[in-house]
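Dear colleague,

I am handing over the structure that you will be working with, and my notes on it follow below. Please read them alongside the sequence and the model.

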Amino acid sequence: MNVGIDQISFYVPQMYLDMIDLAQARNVDPNKYLIGIGQEKMAINPQSQDIITLGANAAEKILTAQDKEQIDLVIVGTESSIDESKASAVILHRLLGIQPYARAIEVKEACYAGTAALQMAVNHVRLHPESKALVIATDIARYGLNSGGEPTQGAGAVAMLITKEPRILVIEEKTLALTKDVYDFWRPTNQKYPLVDGPLSNSTYINAFSDVFTAYNQKYQQSLTDYKALLFHIPYTKMGRKALNHLLENVDEAIAKEFIDNYELSIRYSRQIGNLYTGSLYLGLISYLDHVATLKPEDTIGLFSYGSGMVGEFFQAHVVEGYQKHLHTTQNQETLNKRHRLTFAEYETCLNEHLDPSIDQVFTDETRFSIEKVENHIRYYKK
Ligand code: CAA
């Protein structure tokens, strides 16, 4: 039995900062951001959107009434949790109208949590083929004004419906994870922003990919040319490219070019959005599927997930015949094109405003799901 992604969609806030505006304000050569980091635009969320509404807006696009009756597992992967105890999945379960006899949990391990959620959901459906599982990877990636990580911020969510005999992508059982206790990026409880050792995070990412990719191929007796494309966690678009370049150092030029060309297709959306943390690998997957010329079911796609701290995982997948009919390519492009470009001053205001649950607040927002008000530490959402 095949199990995998039956439906997939993303949602990003409807505002962005142009990286040239950030470069000018920070007195940096714009090419550092455009070429060195590889980002053109950075999604910024309004105060009326949090990880719950981002996730709900992503999931609502793909769920039918029948799906909502069949889903019995909702897993949210996030590192921007709004509560130390209550899982955001419980609120999402209600907002999305999913039938009551379901598990709803939130999982954490930095940006890897989206993959942890996906693999748990896939295993659940393998065990219970009549079930459907909803995976939501949702985050607000913020490092703060004038911080080292400032040009690598972003926000948004990816939602995936996991079923048997999926219509888009089969997730194969072959997988290998790697765990190492490293302090490259972490956010102690009650810290607003993460603590980051940028150079260490870059090298840990590259070494983790190199290690797990080599071990995976040894374990399953595969090699580079068994893959059509390699997709990466994309904290900024240059990062995956660095890991790929490292891998391709001594590889035949024509083979290397094909991997680089496919990688370029996978970063088109991320260049316009920035880091989604848990959703980044899956935004890259959507971008790749939306832009690649038709894939065949026998084409193997390798996926590298990375979460600082750190856990990495390499696994593989292949498309299902006719998968293109189930993508939302035009809608995805429109979503990005209709966003509002913030002035630098507006961006600074957004970053300075932090939703303070201890203060009663009321919000106005025309987006489908948004925060309506916060009262007595409870967030109220409207549809
Ligand atoms: N034109 C073209 N390129 C230029 C340039 C110019 N004018 N000026 C600089 N560059 C290049 C540099 O040569 C460098 O390229 P290489 O990396 O290929 O050497 C690149 O721009 C970046 O320059 P710096 O290294 O000097 O940049 P920085 O000191 O500002 O730090 C960063 C960059 C480490 C990514 C920092 O933004 C950061 O800490 N970001 C957050 C952490 C992060 O995203 N780490 C990634 C791995 S961790 C992870 O993946 C988990 C996660 O999601 C956070």
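Asparagine 262 lies in helix α9 (residues 253–266), where helices are DSSP runs of H or I of at least four residues, numbered from the N terminus. Asparagine 262 is buried, its relative accessible area being 7%, and buried means under 20%, exposed over 50% and partly exposed in between, with a 1.4 Å probe and protein chains only. Leaving aside neighbours within four places in sequence, asparagine 262 is in contact with Lys228, Ala229, Tyr288 and Val292, contact meaning heavy atoms within 4.5 Å.

Please keep in mind that this is a predicted model, in which local features need pLDDT of at least 70 and side-chain atom pairs count only at pLDDT 80 or more, while totals for chains, interfaces and linings use all residues. Residues are numbered from 1 along each chain as its sequence is written, and side-chain values use heavy atoms, with hydrogens and water left out.

For "binding site", an unreviewed UniProt entry lists Asp29, Tyr143, Lys242 and Asn275; positions follow the numbering used here, feature names are shortened, and annotations may be inferred rather than shown by experiment. Aspartate 29 is placed in the loop between α1 (19–25) and α2 (30–37), whereas lysine 242 is placed in helix α8 (residues 237–248). Lysine 242 counts as partly exposed because its relative accessibility is 30%. Not counting residues up to four places away in sequence, lysine 242 touches Asn202, Ile206 and Tyr236.

Definitions and conventions. Helices (H or I, at least four residues) and strands (E, at least two) are DSSP runs, numbered from the N terminus.
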